[in-house]
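I opened this entry to record what I looked up, topic by topic.

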Amino acid sequence: MVQEFHRIKRLPPYVFAEVNALKAAARAAKRDIIDFGMGNPDQPPPRHVIDKLTEVAQNPRVHGYSTSRGIPGLRKAVSAYYQRRFGVEIDPNNETIVTIGSKEGLANLAQAITSPGDIILAPNPSYPIHAFGFIIAGAAIRSMPMGPDTSIIDQLEKAVRHSVPKPLAVILNYPSNPTAEVKDLDFYAEIVDFCRKHEIYIISDLAYAEVYFDDFVPPSILQVPGAKDIAVEFLSMSKTYSMAGWRVGFCSGNQKLVAALGRVKSYVDYGAFTPMQVAAVAALNGPQDCIDEMRDRYRGRRDVLIKGLAAAGWNVPSPPATMFAWAPLPEKFAHLGSLEFSKLLLEHANVAVAPGVGFGEYGEGFVRLGLVENEQRTRQAVKNVKTMMQNADAILEQYNKRK
């Protein structure tokens, strides 16, 4: 029996699957692959957070269903975080909700607010769920090309003029995954002013709020007066506290959007495991020196990677934030495209990266490198890349013969 599932048909083949398959085959062949492909923290959460999880899990009464909105103590901890970090007041009862990671929250919010044919403005390149969460929900996506020379306001104005129906929502992600681009509070103020005027919701993904390295400190869109009239913001424990596998995040801001997300979640989940939520409270309310250590770790890796690649002949901009470097393809390999270059990098340098085209068509010409290997392994990767760059002509000749 042949069936065609409408929602599945709208999802393109997973671009990363081919590289992942080659990576698995290389490891099966006992090759030492240095993997910059996925943004997966390689360090455990802080000790006191793990200890709290272990302690609470010993209680036989905490193993039943939790609550889809999140335990009250965690919502209060989120409210306290917003107050001390951004100077923003968040009502823990009506303006924030706990999600099973930002990804789940974004996907369920899309289900909650989207009608078939609604137009969503999504960055491109972007983290895939930003567009595909809404595609799965039945929306039509209007891509906004991202880059230092693009104006989102110009793109918003074009979208309002030329979209029927008018856009329902715009998705923002700064610091950006994959590009590491950052924006200041003046940028958010301009976006909020435009979207309030045109009654467009704003969905901000601030997963990398604490992963920054230089003088720039990422703001929250909710710092803009009146932003809560139209905006919600997603935060995550994954990168800040190295709790990626724990799947704990938050959505805060506009009460109507938070309530809509809560309504859907009440049907589809019972919330994260209670001991993990209690441990997340310990992370948010406890000592924060672990965040400084996290930043120092990624900053050190960033500097080793960027300086080493430059010495190897591959000039990559130094990211001011996130755990990623967004690297234009080396000139000699640029004509191959990001997927083919990623495969050659794996074959000849034992280095795995994420091809930029996997983040949208405007990601072509780049690859994303995660700062997820320690400095020693990063130096080895740089050494391997340098050898590959020195042998570029021979590698390309061999590649052309295979084609």
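**Negative patch**

I started with helix 8, which gives the most to the negative patch, with three residues. The model is predicted, and I read it as such. I listed the patch members: Asp154, Glu157, Asp184, Asp186, Glu190 and Asp193 gather on the surface. I checked one of them, Asp154, which sits in helix 7. Asp154 is partly exposed, at 41% relative accessible area.

**Nonpolar patch**

I then looked for a nonpolar patch on the surface. Phe5, Ile8 and Leu11 form one, and together they have about 290 Å² of accessible area. Ile8 belongs to helix 1 (residues 6-9). Its relative accessible area is 55%, so I count Ile8 as exposed.

**Salt bridges**

How many salt bridges does the structure hold? I noted 24. I picked out several.

Asp32 pairs with Arg377, with the closest N and O atoms 2.9 Å apart. Asp32 is in the loop between helix 2 (16-28) and strand 1 (34-35), and Arg377 is in helix 13 (residues 375-390), so the pair ties together parts 345 residues apart in sequence. Asp32 is partly exposed at 47% relative accessibility. Arg377 is partly exposed too, at 22%.

Arg302 bridges to Asp214, with 3.3 Å between the closest N and O atoms. This pair also links distant parts of the chain: Arg302 lies in helix 11 (residues 289-311), Asp214 in the loop between strand 6 (201-205) and strand 7 (231-236), 88 residues apart. Is Arg302 buried or exposed? Arg302 is buried, at 5% relative accessibility. Asp214 is partly exposed at 41%.

Lys343 and Glu340 meet at 2.9 Å, N to O. They are three residues apart in helix 12 (residues 338-349), so about one helical turn separates them.

**A loop glycine**

I placed Gly271 in the loop between helix 9 (255-268) and helix 10 (274-285). Gly271 counts as partly exposed, at 23% relative accessibility. Gly271 and Ile71 are 200 residues apart in sequence, yet 8.7 Å apart in space, C-alpha to C-alpha.

**Annotated domain**

Last, I checked the record. An unreviewed UniProt entry carries the annotation "domain: Aminotransferase class I/classII large" over residues 32-379. I read that stretch as 40% helix and 15% strand, with its end C-alpha atoms 14 Å apart.

Key. Residues are numbered from 1 along each chain as its sequence is written. This is a predicted model: local features need pLDDT of at least 70, side-chain atom pairs count only at pLDDT 80 or more; totals for chains, interfaces and linings use all residues. Side-chain values use heavy atoms; hydrogens and water are left out. Patches are made of residues with over 30% relative accessible area and no salt bridge: like charges are joined within 9 Å, nonpolar side chains (Val, Leu, Ile, Met, Phe, Trp, Tyr) within 5 Å. Accessible areas come from the Shrake-Rupley method with a 1.4 Å probe; for residues, only the protein chains shown count as cover. A salt bridge is a side-chain nitrogen of Lys or Arg within 4 Å of a carboxyl oxygen of Asp or Glu. Lys and Arg count as positive and Asp and Glu as negative; His and the chain ends are not counted. The place of a charge is taken as NZ of Lys, CZ of Arg, CG of Asp or CD of Glu. Helices (H or I, at least four residues) and strands (E, at least two) are DSSP runs, numbered from the N terminus. Buried means under 20% relative accessible area, exposed over 50%, partly exposed in between (1.4 Å probe, protein chains only). UniProt positions are given in the numbering used here, feature names are shortened, and annotations may be inferred rather than shown by experiment.
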